Amino acid sequence: MKLVALDRDDIEIVSTHVQDSVVKVADILWRPDEHRLVVGLNRFDWEAAACCSDPHYQRRRTALRFDRVLGCKCRNLEPTKKDAVLNLLAVEFTETTAPSGIITLHFSGGAALRLEVECLECELADLGPTWNTVTCPAHPDAKAPLRD
């Protein structure tokens, strides 16, 4: 799979495909001189999991690249802990002064990367074959009824 995101609708599609990807901190590469952030991740293949009555749970190595990045900040993420593993939940784009804006990569546990961008320019590209995994990521029901 190879996708390019240049607007909010595009980034929502990318976000759907990278939901529940596993990322090692060492695989987050901030290249300030190139105005680029590259994230190597193990993407859960949601298409294969939902394809038929006999779903296949698999992951694949994927690169997520953002260009025209002016700044990169992190929250609840320790860049020196290279072996730490993060679970990517979503990628969002908020336009500030068109076409510039803020891209936020949300990870479980409240960790986040915040990218200030000249404009939205993102590429998602699979790098190799899949491998099987025994579990499918699951999320608690966000619409559970409130209790007194």
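Asn76 sits in the loop between β6 and β7; helices (H or I, at least four residues) and strands (E, at least two) are DSSP runs, numbered from the N terminus. This is a predicted model, in which local features need pLDDT of at least 70 and side-chain atom pairs count only at pLDDT 80 or more, while totals for chains, interfaces and linings use all residues. Residues are numbered from 1 along each chain as its sequence is written, and side-chain values use heavy atoms, with hydrogens and water left out.

**Confidence**

- The protein chain has an average pLDDT of 90, and 92% of the residues score at least 70; pLDDT is the predictor's confidence in each residue, from 0 to 100.
- Among the elements of the chain, strand β9 (residues 112-117) has the highest mean pLDDT, 98, and helix α2 (residues 46-49) has the lowest, 78.
- Over residues 142-148 pLDDT stays under 50, and the model has 0 contacts beyond four places in sequence for them; a contact means heavy atoms within 4.5 Å.
- Where pLDDT is low, predicted coordinates should not be read in detail.

**Backbone features in loops**

- Most residues other than glycine have a negative phi, and most peptide bonds are trans.
- Asn76 is not a glycine, yet its phi is positive, near 55 degrees.
- Asn76 counts as exposed because its relative accessibility is 60%; the classes are buried (under 20% relative accessible area), exposed (over 50%) and partly exposed (in between), with a 1.4 Å probe and protein chains only.
- Leaving aside neighbours within four places in sequence, Asn76 is in contact with Gly109, Gly110 and Ala111.
- A polar atom of the Asn76 side chain lies 3.2 Å from the backbone oxygen of Gly110.
- From Asn76 to Ala50 the separation is 26 residues in sequence and 32 Å in space, C-alpha to C-alpha.
- Asp20, in the loop between α1 (8-18) and β2 (21-24), also has a positive phi, of about 70 degrees, although it is not a glycine.
- Asp20 has a relative accessible area of 2%, so it is buried.
- The peptide bond from Ala98 to Pro99 is cis, with omega near 5 degrees, and Pro99 is found in the loop between β7 (85-95) and β8 (101-107).

**Buried residues and their contacts**

- Arg60 belongs to strand β5 (residues 58-67) and counts as buried because its relative accessibility is 16%.
- The side chains of Arg60 and Asp45 make a polar contact at 3.5 Å; a polar contact is a pair of N or O atoms within 3.5 Å, where within protein one must be able to donate a hydrogen and the other to accept it, and residues adjacent in sequence count only if both atoms are side-chain atoms.
- A polar atom of the Arg60 side chain also lies 3.5 Å from the backbone oxygen of Gly128.
- Beyond four places in sequence, the residues that Arg60 touches include Leu41, Asn42, Arg43, Pro129 and Trp131.
- His17 lies in helix α1 and is buried, with a relative accessible area of 16%.
- Not counting residues up to four places away in sequence, His17 touches Met1, Leu3, Arg43, Phe44, Glu47 and Leu124.
- Cys119, in the loop between β9 and β10 (122-132), counts as buried at 17% relative accessibility.
- Leaving aside neighbours within four places in sequence, Cys119 is in contact with Asp67, Arg68, Pro99 and Ser100.
- Cys119 and Val14 are 105 residues apart in sequence and 16 Å apart in space, C-alpha to C-alpha.

**The largest pocket**

- The largest pocket holds about 230 Å³ of space.
- On a 1 Å grid over the protein atoms alone, a pocket is an open set of points where a 1.4 Å probe fits, with protein on both sides within 12 Å along at least five of seven lines, and lining residues have an atom within 4 Å of a point.
- Grid points are joined across faces, edges and corners, and a volume is the space filled by probe spheres set on the points.
- Residues lining the largest pocket include Val25, Trp30, Cys72, Lys73, Lys82 and Leu113.
- Strands β3 (28-31) and β6 (69-75) each supply at least two residues of this lining.
- The lining has 10 nonpolar, no polar and 2 charged residues; Ala, Val, Leu, Ile, Met, Phe, Trp, Tyr, Cys and Pro count as nonpolar, Asp, Glu, Lys and Arg as charged, and the others, Gly among them, as polar.
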